[in-house]
Amino acid sequence: MQTIANTNRRNFLKIASLAGGGLVLGFNWTGADAATPLMEAGTTAVPGVDFNSYLSINPQGIITILSPNPEVGQGIKTAFPIIVAEELDADWTKVIVEQAPLDTKKFERQVAGGSGSIPHSWKRLRVAGATARQMLLQAAAKRWNVPVSECSTAKGVVLHSASNRQLSYGELATEAAQIPVPTDVKLKEVKDFKLIGSTVKNIDNPKIITGKPLFGLDFYREGMVFAMLQRPAFGYKLKSLDATAAKAMSGIIDVVTFDNNVAVVGKSTWQVKKAKDALKIEWEKGDALESTADHNRLFKEMLDSSEATVRRKDGDVETAFKNAAKVIKAEYQCPFLPHNPLEPMNFFAHVRPDGVELVGPTQTPELARNETAKLLGISPDKVTVQLTRMGGGFGRRLKADYVLEAVQVSKLVKAPVKLIWTREDDMTGGSYRPAVRYRFEAALDAQGNMIGYKLRGVGMNEANATRQDNFPSGAVDNLLIDSVYHKSPITIGPWRAPVTNFLAFAEQSFLDEVAHAAGKDPVQFRLELLEKAKQKPVGEIKYDIDRMIGVIKLAAEKSGWGKKKGPDGKLLAQGFSVYFSHRSYVAQVGEVVVQKGKPVLQKVYSAADCGVVVNQSGAQQQVRGCVVDGVGHAMYGNITFKDGVPQQKNFNEYRLIRLAEIPEVEVHFVQNEIEPTGLGEPSLPPAGAAVANAIFKATGKRLRSQPFVEQDEFKGVS
């Protein structure tokens, strides 16, 4: 199979800019006829000898390492090969990285999500590299007729120091591949790592910067057609369709319906979009249509409900609150959020009599394959999936709905189809972070110690909006955490750092309130609770107390917590937050100044313990990206509903953080030899609270709802 990609990205950018940006409508697909074949999918760029599923070496010493997991911007396409190359002792300048297609017989967990790729594959990748290295050592020893123990490796060569001889991996590749695969290999000590922990540039950077085709939107196949869908609002059904005008338009091939959707199929995206706008559709309203006003009413009812699912209960909560010297109560709320990956949703599907070919950006290629097979009633073996790089996902591409849409259209029109969503399609008919509200209560004794803690989480379609075993669970003698949820037709799905992205803001903001009410420093308050959990744990504790203490102290040290002064000689307003999620620990300090009566976030310090850092470059970028995403959505993100229809439809109505508003982010990592525990998501959850707590310190205004810019407390500052 040959992949042909449109090289004219710069024309697209220019046209998109003229159109106001964001949409995919400006593609000059007619120019694709002159496109150049750029990659041969499913084959290695440099044929060589395969040592295992992950790597091959050719006679010229070029090492090709396959990266099996989807690349969504988390840097996995660079990090995975680094781990293999480290144990192989490869010369990184001679390493070529290729994206592997879906192959569950060779690879496990070809998924991008949950910060789980490196933790899951860490040892497997190391063994793959170490096994190949051992086979090369044995081949060299055999050729030199010396013991293997006298041989060593370095940067792509095997050395025999006693005789001052050396052979390159390329010279040994063919012989080495004939040696029986060792079943027990020795892995390096962490202290001996040379490549892991260094700064390695993302291998896709040159292609991204120069606009080379990498993404699903770039994919083009001669003879394919394009499709866009008109989907109903939430709670509506298709009643009637008049596609006469659309079908009569130039370049339109067909208009088909399936599953309450209307699909327009044509020769170019622009023609399809124009025809989609010309459709005359009548939608039938359901009995109850979702609205934000109703959600707010339901939240109040659920918070007061006598029926809730108890997630955790420790001690005697009722007595603790009855005997408390002081009780603090507060409610926190977060809205629905769209995912908004910059690359619009898209996928290619070709349903043929002998099988199905899928190409495009997906975080779960195996799900795409299996759901396609289930839909068509065929064996999964008859479905192939080629992965392209993704222009963002944030959890949206964990679903396979858009893949199945492409499959259904391809089957109906009997042609290879590229399905594309517009920005409006994505923002109004996609999958959302669920809206939630939390009610917290804390009981303090006369000395300011927290002796009781209650949390109720309620949400739309979020069956459990809490994380009942997270801190401060285990550190409070009397604790109750429960939840209630409302089932809604609005589709929800994992949004970056699911649940914890908003729960962390609420929990860490409330702990800040409790610390101030107790007359204690917020950092010292958290450390006291953790020391208590360490000395006298309450129930099961599923977080590592020492690792959490470690990031708290590192963030406090690097930020000059409580001591740092501004140019005017006064203490800076700092806000603290710390969270454990997705196996890693992150503490952050936000710094806010008031300029012209408004709080301005100047800087965020972030201290992370994610175990061994594989690539300093990728790790730093992941933390910075999380902070920007966390701060931006806490400040501005909001999707509201009226009569089942999302009210924000494109970026002119949905506010994102702007470049000038992004704070400086200083990143630090705890140095240890713990196996990597993931980093793509854990740095986002603490960001909102670090900002909100700093704003409180600067202005005295407590922000309990997102987005911050719409809160009365925030408006009162300006």
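How many helices and how many strands are there in the chain? Here are some notes to read alongside the model, which is a predicted one.

1. **The overall build.** The chain has 18 helices and 30 strands. Its radius of gyration is 28 Å, close to the 27 Å that the globule rule gives for 718 residues, so the chain is as compact as a globular protein of that length. If you want a sense of the dimensions, the C-alpha atoms fill a box of roughly 80 × 80 × 50 Å along the principal axes.

2. Of the 718 residues, 58% count as buried. The accessible surface comes to about 29500 Å², and carbon and sulfur atoms hold 50% of that. Among contacts with a separation of 6 or more, 76% are between residues 24 or more positions apart.

3. **Charges.** You will find 89 positive and 78 negative side chains in the chain. The centres of these two sets lie 3 Å apart.

4. **The largest core.** The largest nonpolar core has 82 residues. Those with the most contacts inside this core are Tyr-438, Met-450, Phe-510, Tyr-543, Phe-576, Phe-669 and Phe-708. Helix α13, residues 500–517, gives the most to the core, with nine residues.

5. **A second core.** A separate core of 48 residues includes Val-49, Leu-88, Leu-136 and Ala-141.

6. **Asp-89, a charged residue under cover.** Asp-89 is in the loop between α2 (76–88) and β6 (95–99). Is Asp-89 buried or exposed? Its relative accessibility is 12%, so Asp-89 counts as buried, the cut-off being under 20%. Beyond its neighbours within four places in sequence, Asp-89 is in contact with Arg-133, Thr-153, Ala-154, Lys-155, Gly-156, Tyr-169 and Lys-188.

7. **Helix α17 and what follows.** Just after α17, Gly-700 takes a positive phi of about 80°.

8. **Two cis peptide bonds to look at.** As background, most peptide bonds are trans. A cis bond joins Phe-471 and Pro-472, with omega about 20°. Pro-472 has its place in the loop between β23 (450–460) and β24 (478–486). The bond from Gln-706 to Pro-707 is also cis, with omega near 0°, and Pro-707 is found in the loop between α17 and α18 (712–715).

9. **Positive phi away from glycine.** Most residues other than glycine have a negative phi. Val-499 has a positive phi of about 65° although it is not a glycine. Val-499 lies in the loop between β24 and α13 and is buried, with a relative accessible area of 5%. Lys-596, likewise not a glycine, has a positive phi of about 55°. Lys-596 is found in the loop between β26 (584–595) and β27 (598–609), and at 87% relative accessibility Lys-596 counts as exposed.

10. **Val-383 and its surroundings.** Val-383 lies in strand β20, residues 383–387, and is buried, with a relative accessible area of 5%. Which residues is Val-383 in contact with, leaving aside its neighbours within four places in sequence? They are Val-356, Leu-358, Arg-369, Thr-372, Ala-373 and Ile-378. Val-383 and Lys-191 are 192 residues apart in sequence, and their C-alpha atoms are 44 Å apart in space.

11. **Glu-557 and Ala-607.** Glu-557 lies in helix α15, residues 545–559. With a relative accessible area of 55%, Glu-557 is exposed, since the cut-off is over 50%. Glu-557 and Ala-607 are 50 residues apart along the chain, and their C-alpha atoms are separated by 9.8 Å.

Note on methods. Residues numbered from 1 in each chain as written. Predicted model: local features only at pLDDT ≥ 70, side-chain atom pairs only at ≥ 80, totals over all residues. Heavy atoms only, no water. Helix = DSSP H or I, 4+ residues; strand = E, 2+ residues; numbered from the N terminus. Rg over C-alpha atoms; globule rule 2.2 N^0.38 Å. Buried < 20%, exposed > 50% of the residue type's maximum accessible area, 1.4 Å probe, protein only. Contact = heavy atoms within 4.5 Å. Areas by Shrake-Rupley, 256 points an atom, 1.4 Å probe, with all protein chains shown as cover. Lys, Arg positive; Asp, Glu negative; His and termini not counted. Charge placed at Lys NZ, Arg CZ, Asp CG, Glu CD. Core = buried A, V, L, I, M, F, W, Y, C linked by side-chain atoms within 4.5 Å.
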